[in-house]
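Try each task before reading its solution.

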Amino acid sequence: MSPFLFVIVMDELTRVIQDEILWCMLFVDDIVLVDETRAGVIAKLELWRQTLESRGFRLSRTKTEYMMCKFSKQKIRDYSIVTLDGQEIPMNSHFKYLSSIIQKDGVINSDVNHRIQASWLKWRSAIGVLCDCNILLWLEEKLYRTDIRPVFLYVTECWAIKRYHAQKMSVGEMHMLRWMCDNTRRDKVRNEDIRTKIGVASI
């Protein structure tokens with residue numbers, strides 16, 4: 001069964017228990033339930049479990065986890081736990097959803113680090129081309145633009161970004177660009193000159 005078809009099937013089977021956008025997100029076999037109270041989350045989770053299992057599906061007990069978001073300094077004293085069919089679910093401070101790292105405090109530090117790491121993984125898979133002196137620089141630049149930079153910038157339009165986040169991303173990219181040009185910091189070539197040479201604007 002293709003993922004697209006699976007989404008259609010799941011959407012139809014669970015139509016009666018789906019909420020508005022952002023309060024219930026469904027992507028292939030990943031389900032995210034959102035509520036303002038822990039009791040509300042438990043009730044939604046139980047409703048999804050009953051509905052899916054009555055149709056032959058099963059919510060994974062080992063992969064299910066929850067996160068309590070706190071965006072202010074106000075102390076929240078809620079020692080209750082979230083359960084799925086009577087089984088306690090582990091609480092995490094962050095989780096990965098659609099290649100983004102979501103943190104309970106709303107900051108994007110983990111997601112920024114994840115983007116940089118993912119970009120370096122993609123870079124290393126193409127390093128044989130990007131750092132080959134026998135390949136024209138404009139071809140390397142085109143490969144970088146189409147293969148590496150999209151990994152850098154994935155979902156960044158949704159970030160509430162701060163200056164040090166942008167600086168961290170820029171430093172990571174400049175390491176790659178200098179490597180492509182066979183330059184190091186010791187060569188004392190300005191970042192702007194490197195970008196001009198390759199034809200890549202600041203990230």
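Throughout, a residue is buried under 20% relative accessible area, exposed over 50%, and partly exposed in between (1.4 Å probe, protein chains only). The model is predicted: local features need pLDDT of at least 70, side-chain atom pairs count only at pLDDT 80 or more, and totals for chains, interfaces and linings use all residues. Residues are numbered from 1 along each chain as its sequence is written, and side-chain values use heavy atoms, with hydrogens and water left out.

**Exercise 1. The overall layout**

Task: Work out how many helices and strands the chain has, and in what order the elements run from the N terminus on.

Solution: 
- Start with the counting rule: helices (H or I, at least four residues) and strands (E, at least two) are DSSP runs, numbered from the N terminus.
- Counting this way gives seven helices and six strands.
- Reading from the N terminus on, the order is α-β-β-α-β-β-β-β-α-α-α-α-α.
- As for burial, 32% of the chain's 203 residues count as buried.
- Next, take contact to mean heavy atoms within 4.5 Å. Among contacts between residues at least 6 apart in sequence, 55% join residues at least 24 apart.

**Exercise 2. A serine in a helix**

Task: Decide whether Ser 119 is buried or exposed, and find which residues it is in contact with beyond its neighbours within four places in sequence.

Solution: 
- Locate Ser 119 first: it sits in helix H3, which covers residues 109–125.
- Its relative accessibility is 0%, so Ser 119 counts as buried.
- Setting aside neighbours within four places in sequence, the contacts of Ser 119 are Ile 148, Val 151, Phe 152 and Met 176.

**Exercise 3. Following helix H5**

Task: Find where helix H5 bends, what covers its buried residues, and what happens to phi just after H5.

Solution: 
- Helix H5 spans residues 137–153 and bends by about 40 degrees at Arg 145. The bend is the angle between axes fitted to the seven residues ending at a residue and the seven starting there.
- The buried residues of H5 are Glu 140, Glu 141, Tyr 144, Ile 148, Arg 149, Val 151 and Phe 152.
- Their cover includes H3, helix H4 (127–130), helix H6 (163–180) and helix H7 (191–198).
- Just after H5, Val 155 takes a positive phi of about 60 degrees.
- Val 155 belongs to the loop between H5 and H6, and at 15% relative accessibility it counts as buried.
- For a second case, turn to Asp 182, which is not a glycine and yet has a positive phi of about 60 degrees. Asp 182 lies in the loop between H6 and H7, and its 67% relative accessibility makes it exposed.

**Exercise 4. Salt bridges**

Task: Find how many salt bridges a search of the whole structure gives, then examine the pairs Asp 35 and Lys 44, Glu 53 and Arg 49, and Glu 192 and Arg 190.

Solution: 
- The idea is simple: side chains of opposite charge can pair when their charged atoms come close.
- The whole structure holds twelve salt bridges.
- Asp 35 and Lys 44 pair at 3.7 Å, N to O. Asp 35 is partly exposed at 30%, whereas Lys 44 is buried at 15%.
- For Glu 53 and Arg 49, the closest N and O atoms are 2.9 Å apart. Because these two are four residues apart in helix H2 (residues 38–53), about one helical turn separates them.
- Glu 53 is partly exposed, with a relative accessible area of 28%, while Arg 49 is buried at 11%.
- This pair belongs to a network in which salt bridges with shared partners join Glu 46, Arg 49, Glu 53, Arg 61 and Asp 85.
- In the pair of Glu 192 and Arg 190, the closest N and O atoms are 3.6 Å apart. With a relative accessible area of 46%, Glu 192 is partly exposed.

Definitions and conventions: A salt bridge is a side-chain nitrogen of Lys or Arg within 4 Å of a carboxyl oxygen of Asp or Glu.
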